[in-house]
Amino acid sequence: MPFARVRAHYVAAGLLLIALVSTLGPAGHAATLPTASLQHNALIFTVNPDKTVGINWNSTTYSSVLQNQSASFPTGDAIHSSSSFSPQSNGIVETTSFQYTVPQQAYVSNPFLSDVNSINLTASQTGTSSEGSLTFYATLPVEQAAFIFSTSPNEINANVTAQIAFSSTYNGTPLALFANQTAFGNEWSQTFGNPTWTDNTVSQIQNSTYHILFVKNFNGTMTSTSSSANIFVEFIAIPGGSATSFLAALENILNPIVKMPTAFDYLIQSLQNLVTGETMSLTYNGTTRLVSFKSTITFASNLDAQLNSIKDQYFQMILNKTAPNSPQDTFLNSTSITVSKMSMQSSADLNAGTYSSSLVGTVITPPVVESSNTNFTIPGLFTTLNSTTSSNSKMNITLVGGSDPSNQVKVIVPAGIPDPTSTTSNSATWMNVKNASELQDVRFEIQPLPTPFSLLGFLTSTTGFVLEAILAAAVIAGVALYARKRRSRISTSMTQSGPTTSPGFGPSPASPAQWQPEH
């Protein structure tokens, strides 16, 4: 299959595992880490009022294999990377990147690195086709090399060119293959210059891919002088048998095994439709010792809906063929996932021999067991989690009560459940959990949040309307009383002062005694 499409399948499968809390191991089975490794996981489940569960996962793995590289890397020197999903106009885009400066002491213990001038890898995918190239420049016997490839649903085309400088030694090590023109020519005549060797290699490729690939062309040419050689190798493959695409060839192999060709074909097609485009670049600069990597994968805009559909298809196949069905399969089948807002940070410390990662933003909607609409448990979450825990991994579990503008969730630990190691007003944490299923009876209660005072809300409430009416009546009565008293004072004052004569011509006004206030 095309490289980008294989990566799409890997990403899709990884997302499903992560989102369904089975990243700690295969569902239904204990994960097995290398015997020299130790893993510690910290899981934070935030239970929200809408009964969704947000998942934060922090993991640290110690490996003696990584720690064996400590001589080349100073203390505290780590490779940091980040990955995140974000909605864009063309779909959901996952961006992954890191930069790392190779420490000087790594060149001391690995002199080969000092002679690598640059490495540049680029690749892209559009629809179902991909292309890419890898170039390499060095002051080594292989001075430069280029690998160029392109893929489509029905053809893989790749070629390699390289320029080689003959040298009998490298850093004091004898190099028989590159010693001189004769030595290299003899080696070439036994490999790409030998039809029997190329035919055997073609047979091995076809057999190892179960004849999904049919190798159409695999050959090489070489020209040389007394000091150097130039080589060219070409590889072309098409679908095996009567298949018109690599996917059809794969299905021809698997259908007799899964015995559900229609469902399986639909599942594979759905996986292919998840990714609409991809770009990737990796560069190394020997002068600055800087390694840079960036990858963008564009998923369908309805990524979450498609992932849930794929999950449902997969479990429909499994549940229809497996009897009896395990509780874990039933739980995962009934759980929907959201990954489109997920992000991840990771760090590899080759001196300490540790790899740490932190994943946030995954949300699941699991089946719950309700004693009422506001009181529930999530037993399947903990039994499924327990089935994925290995004997050499430690796990901390924190349960957090989430909230929205109207409600909050309270975490209730009933009697009979192990006491939490620590608690806060809205969370409980258990350290070094060996049996996660012991927490399956932890209850979650949805409670209304205290309503903050709002003048507008108060004035528009029933109580507010009543008080407003009383207040209005009091104001009106007060105004009327004030008007009565005011007019009474005016009347008394005018009566006491007696009649007056208006200046100028004309009759005098009526006597005030003739006017009485209205009652």
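Is N252 buried, partly exposed or exposed, and what relative accessibility places it there? In this predicted model, the relative accessibility of N252 is 45%, so the residue counts as partly exposed, given that the partly exposed class lies between the buried limit of 20% and the exposed limit of 50%. N252 has its place in helix α7, which covers residues 246-258, and although I212 is 40 residues away from N252 in sequence, the two C-alpha atoms are 8.6 Å apart in space.

From this helix we can turn to the aromatic side chains. A search of the whole structure finds 12 aromatic pairs. One of these joins F98 and F293, whose ring centres are 5.6 Å apart and whose planes meet at 20°, so the pair is stacked, since planes under 30 degrees apart fall into that class. F98 belongs to strand β4 (residues 91-101) and F293 to strand β14 (residues 290-299), and the pair therefore ties together parts that are 195 residues apart in sequence. The two partners fall on either side of the 20% limit for burial: F98, with a relative accessibility of 23%, counts as partly exposed, whereas F293, with 19%, counts as buried. Elsewhere, one aromatic cluster is formed by W188, F192, W197, F218 and F235.

Of the 10 residues of β14, 8 are buried, so the strand is largely enclosed by the rest of the structure.

A further part to follow is an open sheet of 4 strands, in which the order is β18-β19-β24-β21 and the pairing is antiparallel. Its edge strands are β18 (369-372) and β21 (407-412), each of which pairs on one side only, and from one strand to the next the twist averages 25°.

Terms used: Residues are numbered from 1 along each chain as its sequence is written. This is a predicted model: local features need pLDDT of at least 70, side-chain atom pairs count only at pLDDT 80 or more; totals for chains, interfaces and linings use all residues. Side-chain values use heavy atoms; hydrogens and water are left out. Rings of Phe, Tyr and Trp (its six-membered ring) pair if their centres lie within 6.5 Å; planes under 30 degrees apart count as stacked, over 60 as edge-to-face and the rest as tilted. Helices (H or I, at least four residues) and strands (E, at least two) are DSSP runs, numbered from the N terminus. Buried means under 20% relative accessible area, exposed over 50%, partly exposed in between (1.4 Å probe, protein chains only). Two strands pair if DSSP finds at least two bridges between them. Axes are lines fitted to C-alpha atoms, for helices over the stretch in contact, and angles run from 0 to 180 degrees between N-to-C directions.
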